[in-house]
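My notes follow the order in which I looked.

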Amino acid sequence: MIYTMTLNPALDYVMHPLTLDMGFTNRSSSEELYCGGNGINISTLLKELDVPSIAMGIAGGFTGDYLLTELQDKGIASNFVRLDRGNTRINIKLNGIVMTMVNGMGPKIPEKKVDELLERMDVVRAGDTLVLTGSIPNSLPEDIYTQIMGKLAGRGIQFVVDAPGQLLMESLKARPFLIKPNNHEVGRIYGVSIESPEECMPYAHKLHEEGSRNVIISCGGHGSLLLDENGVEHIVPTAKVKLVNATGAGDSMVAGFLAKVTSGEDYETALIFASACGTATAASNGIAKRAKIDRVVTALYKKMGRAMPGTIARDIEENRARAEANEGITVKSE
């Protein structure tokens with residue numbers, strides 16, 4: 001089982017203002033409301049791929065009620081600690097000429113709720129994967145990820161960490177199965193300016209030496225890289241799409257990679273699929289739908305001039321057939 005942890009979930013309220021003038025009343029042309037948080041994003045995309053997961057974390061108030069109801073309606077299993085006081089935060093995203101965001105701080109989390117969360121981690125068993133990703137509320141200890149991994153150490157659990165700066169570096173002591181920073185995050189860690197996968201590769205080796213078994217570094221439009229646990233380097237480009245909203249693209253990469261690795265695909269195939277998932281989400285208003293992922297996977301293999309593995313091709317065809325049966329329409333072949 002794949003477990004995802006979201007310690008600071010949010011409702012992302014996206015508005016599309018016609019103007020954005022400070023000090024004046026601005027009007028929005030349309031709005032959307034999404035359940036946000038890195039771990040929730042990963043569970044959402046895994047659901048699109050028919051890969052089961054359990055979303056864990058901390059939620060509170062009427063916003064927390066809405067979030068958990070939405071997860072249930074989407075068929076995503078969850079196991080959240082509920083707060084007695086306080087509300088899950090709301091993030092405001094103003095999608096005008098440029099994206100402007102105002103992220104909420106989140107509720108204060110008492111120590112007893114932290115203890116309850118740690119107790120719930122006992123459900124994670126040998127062979128399971130635990131994804132630790134996203135920001136940590138100010139009221140939680142800065143080493144909460146380290147605490148969680150320490151509590152579960154020696155149980156045969158695979159840890160995946162996607163966190164910034166020192167939080168990421170501290171996690172390497174637990175030898176996580178996978179970390180996935182982007183090029184800018186790696187640059188800040190090592191005090192360098194790096195853009196391409198080729199420029200990032202030496203630092204992937206450093207992170208590998210520090211303890212991570214597999215290292216993925218995403219580089220936006222430049223592509224992405226994987227240094228796998230066998231020391232083999234992999235680099236893939238990015239399929240060309242129209243950027244809509246990059247929020248959740250990195251989470252989608254993590255989900256796509258885990259989906260294929262846990263189904264037995266090799267690391268190269270998993271990285272290509274992960275890149276397609278991230279790109280598909282970047283070209284979507286929210287987390288990518290399966291049909292768009294399949295289109296981007298097909299386009300990426302075509303761009304690379306490589307034959308698509310039979311398992312991936314069959315999966316795409318089976319999904320197209322299901323879509324036709326469910327919707328009573330013909331899904332256009334790419």
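The entries below go topic by topic.

**Ground rules.** I am working with a predicted model, where local features need pLDDT of at least 70, side-chain atom pairs count only at pLDDT 80 or more, and totals for chains, interfaces and linings use all residues. Residues are numbered from 1 along each chain as its sequence is written, and side-chain values use heavy atoms, with hydrogens and water left out.

I started with helix packing. Two packed helices are described by the angle between their axes and the distance between the axes. Axes here are lines fitted to C-alpha atoms, for helices over the stretch in contact, and angles run from 0 to 180 degrees between N-to-C directions. Helices (H or I, at least four residues) and strands (E, at least two) are DSSP runs, numbered from the N terminus. I found that α8 (residues 249-262) and α9 cross at roughly 145°, and their axes come within 7 Å. The crossing of α8 and α9 is right-handed. I noted the convention: left-handed if the near helix is turned anticlockwise from the far one by less than a right angle, right-handed if clockwise. I then listed the residues in contact (heavy atoms within 4.5 Å). From α8 they include Ala 249, Met 253, Gly 256 and Phe 257. From α9 they include Leu 271, Phe 273, Ala 274, Cys 277 and Gly 278. By class I get 11 nonpolar, 5 polar and 1 charged residues for α8 with α9. The classes are: Ala, Val, Leu, Ile, Met, Phe, Trp, Tyr, Cys and Pro nonpolar; Asp, Glu, Lys and Arg charged; the others, Gly among them, polar.

**Helix α10 against helix α11.** Next I took α10 (residues 290-304) and α11 (residues 310-327), which pack at about 145° with axes 11 Å apart. This crossing, of α10 and α11, is left-handed. On the α10 side I see Arg 290, Ala 291, Asp 294, Val 297 and Thr 298. They meet Ile 312, Asp 315, Ile 316, Asn 319 and Arg 322 of α11. The contact of α10 with α11 has 4 nonpolar, 2 polar and 4 charged residues.

**Asp 294.** The cut-offs are under 20% relative accessible area for buried, over 50% for exposed, and partly exposed in between (1.4 Å probe, protein chains only). Beyond four places in sequence, Asp 294 is in contact with Ile 316 and Asn 319. With the side chain of Asn 319, the Asp 294 side chain makes a polar contact at 2.9 Å. A polar contact is a pair of N or O atoms within 3.5 Å; within protein, one must be able to donate a hydrogen and the other to accept it, and residues adjacent in sequence count only if both atoms are side-chain atoms. I also logged Asp 294 and Ala 313, 19 residues apart along the chain, with C-alpha atoms separated by 9.2 Å.

**Thr 133.** I moved to strand β8 (residues 129-133), where Thr 133 lies. Thr 133 is buried at 2% relative accessible area. Its side chain reaches the backbone oxygen of Asp 162 at 3.0 Å. Outside four places in sequence, the contacts of Thr 133 include Met 5, Asn 38, Tyr 145 and Asp 251.

**Cysteines.** How many disulfides does the structure hold? I count 0, taking a disulfide as a pair of cysteine sulfur atoms within 2.5 Å. Cys 200 is buried at 0% relative accessibility, and Cys 277 is buried at 0%.

**Positive phi.** Most residues other than glycine have a negative phi. I found Asp 50 with phi near 60°, in the loop between α1 (38-48) and β4 (53-59). Asp 50 is exposed at 54%. Phi of Arg 175 is near 50°. Arg 175 sits in the loop between α5 (165-171) and β10 (178-179) and is exposed at 52%.
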